[in-house]
Amino acid sequence: MVADTLEPGATVDAVAERYDVQPNQLSARRRLAKQGKLVLPPAPTDEPVFAPLVVCDPASPPPSRHGAPSGS
C-alpha cells in the first residue's frame with residue numbers, strides 16, 4: 001500500500017480507498033517508511049537480479065574452535 005502512494009500521480013486518499021483503509025493509517029505508515037522504520041519491498045525491475053554465490057570445499061574440515069588440530 002505504502003509503495004503505491006509513492007507512485008507518480010498517486011494520492012493517499014485514492015490508495016486508502018482502493019485498499020479499504022483509513023487515509024490517516026496509510027499516512028502514518030508512509031511516515032514510518034520515510035523515517036526508515038518500515039521497510040518497503042524493492043521496486044520491480046525488468047533487469048535480471050543476481051544473488052551472491054558462496055562456494056566452499058566440503059572436503060576441508062571446519063577449523064577447530066581453539067586453534068588446536070583435531071585429534072590431539
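This text walks through the structure from its overall layout to single residues.

The model is predicted: local features need pLDDT of at least 70, side-chain atom pairs count only at pLDDT 80 or more, and totals for chains, interfaces and linings use all residues. Residues are numbered from 1 along each chain as its sequence is written, and side-chain values use heavy atoms, with hydrogens and water left out.

Start with the confidence. The term pLDDT is the predictor's confidence in each residue, from 0 to 100. The protein chain averages 82. A score of at least 70 is reached by 83% of the residues. Where pLDDT is low, the predicted coordinates should not be read in detail.

Now the layout. The protein chain has three helices and zero strands. Helices (H or I, at least four residues) and strands (E, at least two) are DSSP runs, numbered from the N terminus. From that end, the order is α-α-α. Among these elements, α1 (residues 2-5) has the lowest mean pLDDT, 90. Helix α2 has the highest, 95.

How much of the protein chain is buried? Of its 72 residues, 10% are buried. Buried means under 20% relative accessible area, exposed over 50%, and partly exposed in between (1.4 Å probe, protein chains only). The protein chain exposes about 6,500 Å². Carbon and sulfur atoms supply 57% of that area. Such areas come from the Shrake-Rupley method with a 1.4 Å probe; for residues, only the protein chains shown count as cover. Contact means heavy atoms within 4.5 Å. Among contacts between residues at least 6 apart in sequence, 35% join residues at least 24 apart.

Begin the tour at α1, where Thr 5 sits. Thr 5 is buried, with a relative accessible area of 4%. Its side chain reaches the backbone oxygen of Val 2 at 2.5 Å. Leaving out residues up to four places away in sequence, Thr 5 touches Ala 10, Val 12, Val 15, Leu 26 and Arg 30.

Two of those names return in α2. The buried residues of α2 are Val 12, Val 15 and Ala 16. They lie on the same side of α2, because they cover an arc of only 100° around the axis. The arc is that of the directions from the helix axis to the C-beta atoms. What covers these buried residues includes α1 and α3. On the other side of α2, Asp 13, Glu 17 and Arg 18 are exposed.

Next comes the loop between α2 (12-19) and α3, which holds Asp 20. Most residues other than glycine have a negative phi. Asp 20 is not a glycine, yet its phi is positive, about 60°. Asp 20 counts as exposed, at 73% relative accessibility.

Helix α3 covers residues 23-34. Does its length agree or disagree with expectation? The expected span of a helix is 1.5 Å times one less than its number of residues. For the 12 residues of α3 this gives 16 Å, and the end C-alpha atoms are 16 Å apart, which agrees. After α3 comes Gly 36, with a positive phi near 80°.

The last stop is Leu 40, in the segment after α3. Leu 40 is partly exposed, with a relative accessible area of 29%. Not counting residues up to four places away in sequence, Leu 40 touches Val 2, Ala 3, Leu 6 and Ala 33. Leu 40 and Met 1 are 39 residues apart in sequence. In space, they are 9.6 Å apart, C-alpha to C-alpha.

Notes:
A polar contact is a pair of N or O atoms within 3.5 Å; within protein, one must be able to donate a hydrogen and the other to accept it, and residues adjacent in sequence count only if both atoms are side-chain atoms.
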